[in-house]
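This briefing sets out selected features of the model shown below, grouped by topic. Please read it alongside the sequence and the coordinates.

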Amino acid sequence: MMINEKNIKTLGTHSGKFHADDVMATAILRLLLGDIKVTRTRDENILRKLDFVYDISLGEFDHHQLNKEIRENNIPYAACGLVWREFGSRIIQKFNSQLEENDIISIFDYVDKNLVQGIDATDNGIDIKSEIKVTSISDIIQSFNPTWDSNDSIDEAFEKAVQYATEVIKRIISRQVSVIKARIIVNEAFQNRNINEIMVLKTGCPWLQQLLKIDLNNEVLFVISPDDNDNDNNTEYKIQTVKKTADTFEARKDILESIRGKSSEEINSIIKIDDAIFCHKAGFIASTKSMESALKIAKLSVKT
């Protein structure tokens, strides 16, 4: 049965060292409930008197019991995931009342997959393997704990960590809302292509997620978009490759090899333009001062 958040006036979680799990769960709850006080304790007599308790006491929003809940992809829920599952959609709706239900579900799933599941996995002792060590959100939040030789208050450190976590989740949600707003721009650009392999956007916006949904035949190889420079009034034009999937760096096709990592003068000489800015040595992005030159790089890249 869905919990009525209006009945929640007090929160409780465990005291002592904190982790991303309880910190992010607190951030999620405060986004919905406002600046509500959190009692951090392991005293069950105190916890029983609070309206909502998480990450302790083996209740609905704890995960330390033997019969913990597990997602279909085998990532167990931790308190963060359990709290997000219950309240996440309501938080998205609270700050974005104009969204349709399917968009709210889309953002909910994105946050769960790209933020919450990693936190849950780490807190449940699941090693997320990578060839190199990548500092995770769990690592960063845990670093807010006072060091062993510090006299800093752990409860004050917890509050600072919650402030950080709140900003993180707000920004992730906000960026996904912007992706939804950009769909019309991406759809129009896709429909109005003059060259099947090149999509030109009228403004810079998030485009990859939507393009991967609508470009079912993998036609678009390069995307060109204006890139306004905040430091002056000059507009630059980016040429970007299209990833094969959202979760990889591998592109459908790279920018032509002859200009990768070259200076602007070298690029100008190689392909006979006069306004090159740069091309990354990995071949996934280049930029010029004009649309004409950006199109030339994209067209040459399609042919090679």
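Asn268 is buried, with a relative accessible area of 17%; buried means under 20% relative accessible area, exposed over 50%, and partly exposed in between (1.4 Å probe, protein chains only). The model is predicted: local features need pLDDT of at least 70, side-chain atom pairs count only at pLDDT 80 or more, and totals for chains, interfaces and linings use all residues. Residues are numbered from 1 along each chain as its sequence is written, and side-chain values use heavy atoms, with hydrogens and water left out.

**Surroundings of Asn268**

- Asn268 is found in helix 8 (residues 264-271); helices (H or I, at least four residues) and strands (E, at least two) are DSSP runs numbered from the N terminus.
- A polar atom of the Asn268 side chain lies 3.3 Å from the backbone nitrogen of Asp275.
- Leaving aside residues up to four places away in sequence, Asn268 touches Ile273, Asp274, Asp275 and Ala276, where contact means heavy atoms within 4.5 Å.

**Nonpolar cores**

- The largest nonpolar core has 45 residues; such a core is a set of buried Ala, Val, Leu, Ile, Met, Phe, Trp, Tyr and Cys residues joined through side-chain atoms within 4.5 Å.
- Helix 1, helix 3 (79-95), helix 4, helix 5 (137-142) and helix 6 (154-191) each supply at least two residues of this core, and helix 6 gives the most, with ten residues.
- A second, separate core of 19 residues includes Ile267, Ala276, Ala294 and Ile297.
- The residues with the most contacts inside the largest core are Met24, Phe52, Tyr54, Val83, Trp84, Ile169 and Ile173.
- Val83 touches Ala25, Ile28, Leu29, Phe52, Tyr54, Phe61 and Gly88, residues up to four places away in sequence not being counted.
- In soluble globular proteins, nonpolar side chains tend to be buried together.

**Packing of helix 1 on helix 4**

- Helix 1 (residues 20-33) packs against helix 4 (residues 101-123) at an angle of about 145°, and their axes are 9 Å apart; axes are lines fitted to C-alpha atoms, for helices over the stretch in contact, and angles run from 0 to 180 degrees between N-to-C directions.
- From helix 1, Ala20, Asp21 and Met24 meet Leu115, Ile119, Asp120 and Asp123 of helix 4.
- By class, this contact between helix 1 and helix 4 has four nonpolar, no polar and three charged residues; Ala, Val, Leu, Ile, Met, Phe, Trp, Tyr, Cys and Pro count as nonpolar, Asp, Glu, Lys and Arg as charged, and the others, Gly among them, as polar.

- Three strands form an open sheet in the order 2-1-3, and the pairing is parallel; two strands pair if DSSP finds at least two bridges between them.
- Strand 2 (38-40) and strand 3 (52-53) are the edge strands, each pairing on one side only.
- Strand 1 (residues 11-13) is joined to strand 2 by three bridges, and Gly12 has Thr39 in strand 2 as its bridge partner.
- Thr39 touches Leu11, Gly12, Thr13, Ile46 and Leu50, not counting residues up to four places away in sequence.
- Thr39 and Ser15 are 24 residues apart in sequence and 8.2 Å apart in space, C-alpha to C-alpha.

- Strand 4 (residues 198-200) pairs with strand 5 in the parallel sense over three bridges, with Val200 opposite Ile224 in strand 5.
- Strand 5 (residues 222-228) and strand 6 (residues 235-241) run antiparallel and are joined by seven bridges; Ser225 stands opposite Lys238 in strand 6.
- Strand 6 also pairs with strand 8 (residues 285-288), in the antiparallel sense over four bridges, and Ile239 has Ala286 in strand 8 as its bridge partner.
- Five of the seven residues of strand 5 are buried, so strand 5 is largely enclosed by the rest of the structure.

- Asp55 is not a glycine, yet has a positive phi of about 65°; Asp55 is placed in the loop between strand 3 and helix 3 and counts as buried at 4% relative accessibility.
- Asn74, also a residue other than glycine, has a positive phi near 75°; Asn74 lies in the loop between strand 3 and helix 3 and counts as exposed at 60% relative accessibility.

How values were computed:
A polar contact is a pair of N or O atoms within 3.5 Å; within protein, one must be able to donate a hydrogen and the other to accept it, and residues adjacent in sequence count only if both atoms are side-chain atoms.
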